[in-house]
Amino acid sequence: MDGDGYGYDVRSFEPDGQERLLEIKTTCGHERTPFWLTKREVDVAEARSDKYRVRRVFHFRNHAQMFEIAPPLEDALFMTPTTYSAVPR
């Protein structure tokens, strides 16, 4: 079963069969629009870094686009611990 309590939204698989844990973060703004990460999401990203990915969806209302962020998240994001306010670098 997938869901927020697990620290990711979707358990999926790559074409080669490798497991992938996906956290989907969507905003209507541009690719550098801040988004939220929970402590659980950050912890799971660290613990399961080989499988975990953040899929960052932006411009959701007009021609949605996406990119992927792989752990360590701190390499790609400025993170402020509140609930974690994250902005792509």
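**Exercise 1. Find the strand that holds Arg 55, decide whether Arg 55 is buried or exposed, and list what it touches.**

Solution. Arg 55 belongs to strand β4, where strands (E, at least two residues) and helices (H or I, at least four) are DSSP runs numbered from the N terminus. The structure is a predicted model, in which local features need pLDDT of at least 70 and side-chain atom pairs count only at pLDDT 80 or more, while totals for chains, interfaces and linings use all residues. Residues are numbered from 1 along each chain as its sequence is written, and side-chain values use heavy atoms, with hydrogens and water left out.

The next step is accessibility, for which buried means under 20% relative accessible area, exposed means over 50%, and partly exposed lies in between (1.4 Å probe, protein chains only). Arg 55 has a relative accessible area of 19%, so it counts as buried. The last step is to look for contacts, meaning heavy atoms within 4.5 Å. Leaving aside residues up to four places away in sequence, Arg 55 touches Glu 14, Leu 22, Glu 23, Ile 24, Lys 25, Met 66, Phe 67 and Glu 68.

**Exercise 2. State how confident the prediction is, and where in the chain confidence is lowest and highest.**

Solution. Confidence is given as pLDDT, the predictor's value for each residue from 0 to 100. The chain has a mean pLDDT of 91, and 93% of its residues reach 70 or more. Strand β4 (residues 52-58) has the highest confidence, at a mean of 97, whereas strand β7 (residues 85-88) has the lowest, at 82.

**Exercise 3. Work out which residues of helix α1 are buried, how they are arranged around the axis, and what covers them.**

Solution. Begin with the helix itself: in α1 (residues 39-47), the buried residues are Glu 41, Val 42, Val 44 and Ala 45. These residues lie on the same side of α1, because they cover an arc of only 165° around the axis, the arc being that of the directions from the helix axis to the C-beta atoms.

Then turn to the face directed away from the buried side, which carries the exposed residues Lys 39, Glu 46 and Ala 47. Finally, the elements covering the buried residues of α1 include β2 (19-26), β3 (35-36), β4 and β6 (77-80).

**Exercise 4. Describe the largest nonpolar core and say which element gives the most residues to it.**

Solution. A nonpolar core is a set of buried Ala, Val, Leu, Ile, Met, Phe, Trp, Tyr and Cys residues joined through side-chain atoms within 4.5 Å. The largest one has 13 residues, and those with the most contacts inside it are Phe 35, Leu 37, Tyr 52, Ile 69, Leu 73 and Leu 77. Two or more residues of this core come from each of the elements α1 and β4, and α1 gives the most, with 3 residues.

**Exercise 5. Count the aromatic pairs and classify each of them.**

Solution. Rings of Phe, Tyr and Trp (its six-membered ring) pair if their centres lie within 6.5 Å; planes under 30 degrees apart count as stacked, over 60 as edge-to-face, and the rest as tilted. By this rule there are 2 aromatic pairs. One joins Tyr 6 and Tyr 8, with 6.0 Å from centre to centre and 45° between the planes, and it is tilted. Within this pair, Tyr 6 is partly exposed at 38% relative accessible area, whereas Tyr 8 is buried at 8%.

The rings of Phe 58 and Phe 67 have their centres 5.8 Å apart and their planes at 55°, so this pair is tilted. Phe 58 is buried at 6% relative accessibility, while Phe 67 is partly exposed at 28%.
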